[in-house]
Every structure is written in C-alpha cells, then in structure tokens.
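Hello,

Here is the structure I promised to pass on to you. Please open it alongside this note, and then read on for what turned up.

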Amino acid sequence: AHYPPAQNNSDTTTRPPMSDESGNSSTGGGGDDLAGLSGFFFYVFIVHPATAWILRPGRFERKKSIMYAIGFLALLAAVKTGMEMQAKGPNHYSLLGVNRSSSPLDIKRAYKKLSLQLHPDKNPNDPKASSKFDRVKKAYDVLMDMEFREVYNKFGQEGINSNKRFDETQFFIELGVFYVTWGIMAYVLTLGKRSGLARQWTFTGLIVMLVIEISIMTSRGNPFPSWFLPQNTEYEAIWLLHTLFPAFMNGCRSIGGYLYVDLEAQTRQLLVALQEQNKDILLVLRDVQIGVQNIQANGGGGGGNRLTNATTSAVGGGGGAVPLRATPTGKIKELQDRLQTSNSTVQQAVTQLKSEKSNSNFGFYAMILGYVAFSYIFSS
C-alpha cells in the first residue's frame, strides 16, 4: 500500500504550525475526546432508556415497535451529528467552494473571487469581515500547499496546527487504543445472555469501522470516488464514523434485547410439550387396549359398551365440557384431538427456533456482502 509522506524532521523546523483564528496552536484533541465522552453518556443514560420505553412489550405491535425505535434513533443521531458539524463550521473546501479534486488554479480563482468580496475595506460595516477574510486566507494557504493539503485531508486542522505527519507505528498504536477502549465498553454494556445478538451486531460494526478506517488512512490520496461527498475529507469521514458509533451501539443494545429469543427456554418448552404428548398417547392407547379386551371378553358384541374410563374427561380438560363416548372409536378421536393440540405447541416452538437461526445467518451474510460492496466501490 502507498502511504502519505512520513514525518521529516526538517519539516518541523522549516514549517511552523499554523495557528487557528484565535492564534492558539493547540490541537484541540481534548475537546474532541470530551465531546465523544459526553455523547457516549448521552446515548447510554438518556437515549437507551427512551428506546427501551418505545420497545416495551405490549406498547406497540412488534413490527411497529422496531420501526419506531429505528426511526427515533436515526432521527436523534442525525440531529445530534448535524448540530456538531454545524458547530465545527465549514472546512476549507466548503469555505472556498472547491472540491477535493480541484486543481491549484481552481483554488486560486475561487480565493481571488472570495477575497474581493470579503475584504475588510469593502465591508467596513461588518465587524466580522476581518475574521472572515482571515479564514479564507488560511484555507487558501493550506490548500495551495500540497503537503499541508494532504495533512489537512488526513488529520484536519488539528494536524496542521501540530504539524502532524503520517507515521505507521504511531497510527496503529492510536488505532489500537481507540478500538480496544470501545471494544471493552461494548463488551461490558452487552454482558449477559439477553445481549448476545446486540454484542454480535456491535462487534461486527466495530470490525467494519476498523477496516474502513485502515483503508482510508493507509491509502494515497482520498480513496472515495470524486462524486462521493466531494467537499469532505478523509478526516471528516472517520470523525463521522466515530461520532455515529455510540448511537449504533445503543441501537443494537435496545433492538437486540427486544428481539432476543431464549433458545434454552424454547427447547425446554418443546421437550415438555413432547413429554405431555407422549403421556396423552400412552394413556389413551391404554384405554383403547382395555376397551378392546372388554369387547373380546363379551364375545365381540356390545358395540355400544363404554370403556372403563381413566381419561374420559373432555379434550379441553374442563369440567363443564361434554365427554366423548368412551368407545374405541371415541378414544381414537380423542387421541387425534390431543395430538393436534400438542402439535400446534410443538410447531410454534420449532418455528421460533428456525427463525432465530435464520436471523443469525442473515447477519453473517450481510456483513460479508457489505464488505464486498465497500471493496468494489472504493477500490475503483
């Protein structure tokens, strides 16, 4: 794989960090960490209980509950992420009105046009004219310098301020710290048998995000097609993944717990139903055998004789039901009715077991198809 230029010690001496608008050259990483932590607690302690309220059994129909929960989570994540993006402000490409693939000549033309419009001398009544002009000038300086431009695409304005360069060892150390930390959090939050499906979804999403981030950061240039988010950088794509992951994880927790099926309980229910069915069959067959013996003892007559009844209670088992006539034919009919009732219970348990198995297989195949689609789209 091709990598961005490695850190050069001479660059750190010849290229001073570019300060932000306030003149501060700090990286601002602490602010991002604090925002990520606050977002995590927001989703865990506020969004998750609200989603659990929507998914409470009996509140809505099963399909509607899932649709409402997904819609609520998607809307909340979109609003929160949009507010954070708005607070960050436009990036250099959006500020100048150019794309990632724009040439230096295109950038120069865009800057010339904006500088004439935003120059403080032409806007004496605008107290923010000077700061707007400085932002456009700084964006122009970064994008016109190919080395600064590459650093900005990979690491954002923080990378420019700290004069950061791509270092493979440092990159994988930072990557390991981030994903090990989130992996531990995801594991702790999805402990228990009921969270098995949520844990599977969460770690699948974590692995997919890891593959995407490595593919983006280790590629030379921007790996996205020119038509895909043309004014956004690789740094912003990774920031978006990191920002949406807490919402994804808590959505998996809520919906996974709602869709959870206790396979052990279903198996026990199936075995109990089979056991009861076996008892009913043996009991009815014994009565039939006694009835046949009585008929034979009476010389084959007395077709209307009633059997000595150990199970002549009604099929439904209720005391007020009308009992069947205790003849061999009646006993066989009773056996058929009991088998039909028992089979419906067994069939229901088997259907739930099969649906659980198909859902598990669907998640596995969806992960494979998603990875293939990602490789096909962005490898070109």
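First, some ground rules. This is a predicted model, in which local features need pLDDT of at least 70 and side-chain atom pairs count only at pLDDT 80 or more, while totals for chains, interfaces and linings use all residues. Numbering starts from 1 along each chain as its sequence is written, and side-chain values use heavy atoms, with hydrogens and water left out.

**Overall make-up**

The protein chain has 12 helices and 0 strands; helices here are DSSP runs of H or I with at least four residues, strands are runs of E with at least two, and both are numbered from the N terminus. Of its 380 residues, 32% count as buried (buried is under 20% relative accessible area, exposed is over 50%, and partly exposed is in between, with a 1.4 Å probe and protein chains only). The chain exposes about 22,400 Å², and carbon and sulfur atoms supply 61% of that area (Shrake-Rupley method, 1.4 Å probe; for residues, only the protein chains shown count as cover). Among contacts with a separation of 6 or more, 70% link residues 24 or more positions apart; contact means heavy atoms within 4.5 Å.

**The cores**

The largest nonpolar core has 34 residues, and Leu96, Val98 and Leu143 have the most contacts inside it. A nonpolar core is a set of buried Ala, Val, Leu, Ile, Met, Phe, Trp, Tyr and Cys residues joined through side-chain atoms within 4.5 Å. The helices giving two or more residues to this core are H4 (92-96), H5 (104-118), H6 (129-144), H7 (146-161), H8 (168-189), H9 (196-217) and H10 (234-258). H6 provides the largest share, with 6 residues. A second, separate core has 6 residues, including Ile54, Leu55, Ala69 and Tyr258.

Val98 is worth a click: leaving aside neighbours within four places in sequence, it is in contact with Tyr93, Asp106, Ile107, Ala110, Leu143 and Gln231.

For the pairs, axes are lines fitted to C-alpha atoms, for helices over the stretch in contact, and angles run from 0 to 180 degrees between N-to-C directions. Angles under 35 degrees count as roughly parallel, over 145 as roughly antiparallel, 65 to 115 as roughly perpendicular, and the rest as oblique. As for residue classes, Ala, Val, Leu, Ile, Met, Phe, Trp, Tyr, Cys and Pro count as nonpolar, Asp, Glu, Lys and Arg as charged, and the others, Gly among them, as polar.

- H5 and H6: their axes come within 10 Å and cross at roughly 170°, which makes H5 roughly antiparallel to H6. The residues in contact include Ile107, Tyr111 and Leu114 of H5 and Phe133, Tyr140 and Leu143 of H6. By class there are 11 nonpolar, 1 polar and 3 charged residues.
- H6 and H7: here the axes come within 6 Å and cross at roughly 130°, so the two helices are oblique to each other. Lys138, Val142, Leu143 and Met144 of H6 meet Met146, Phe148, Arg149, Tyr152, Gln157 and Ile160 of H7. These residues divide into 7 nonpolar, 1 polar and 2 charged.
- H8 and H9: the axes come within 11 Å and cross at roughly 170°, so this pair is roughly antiparallel. Among the residues making the contact are Phe171, Phe178 and Trp182 of H8 and Phe203, Leu206 and Met209 of H9. The class count is 14 nonpolar, 2 polar and 2 charged.

**The loop between H9 and H10**

Leu229 sits in this loop and has a positive phi of about 45° although it is not a glycine. Leu229 is partly exposed, with a relative accessible area of 42%.

Pro230 is in the loop between H9 and H10 as well, partly exposed at 31%. Leaving aside neighbours within four places, Pro230 is in contact with Asn99 and Arg100. Its C-alpha is 9.5 Å from that of Ser94, 136 residues apart in sequence.

With neighbours within four places left aside, Thr233 is in contact with Asn91, Tyr93, Arg100, Tyr152, Asn153 and Asn222.

Best wishes
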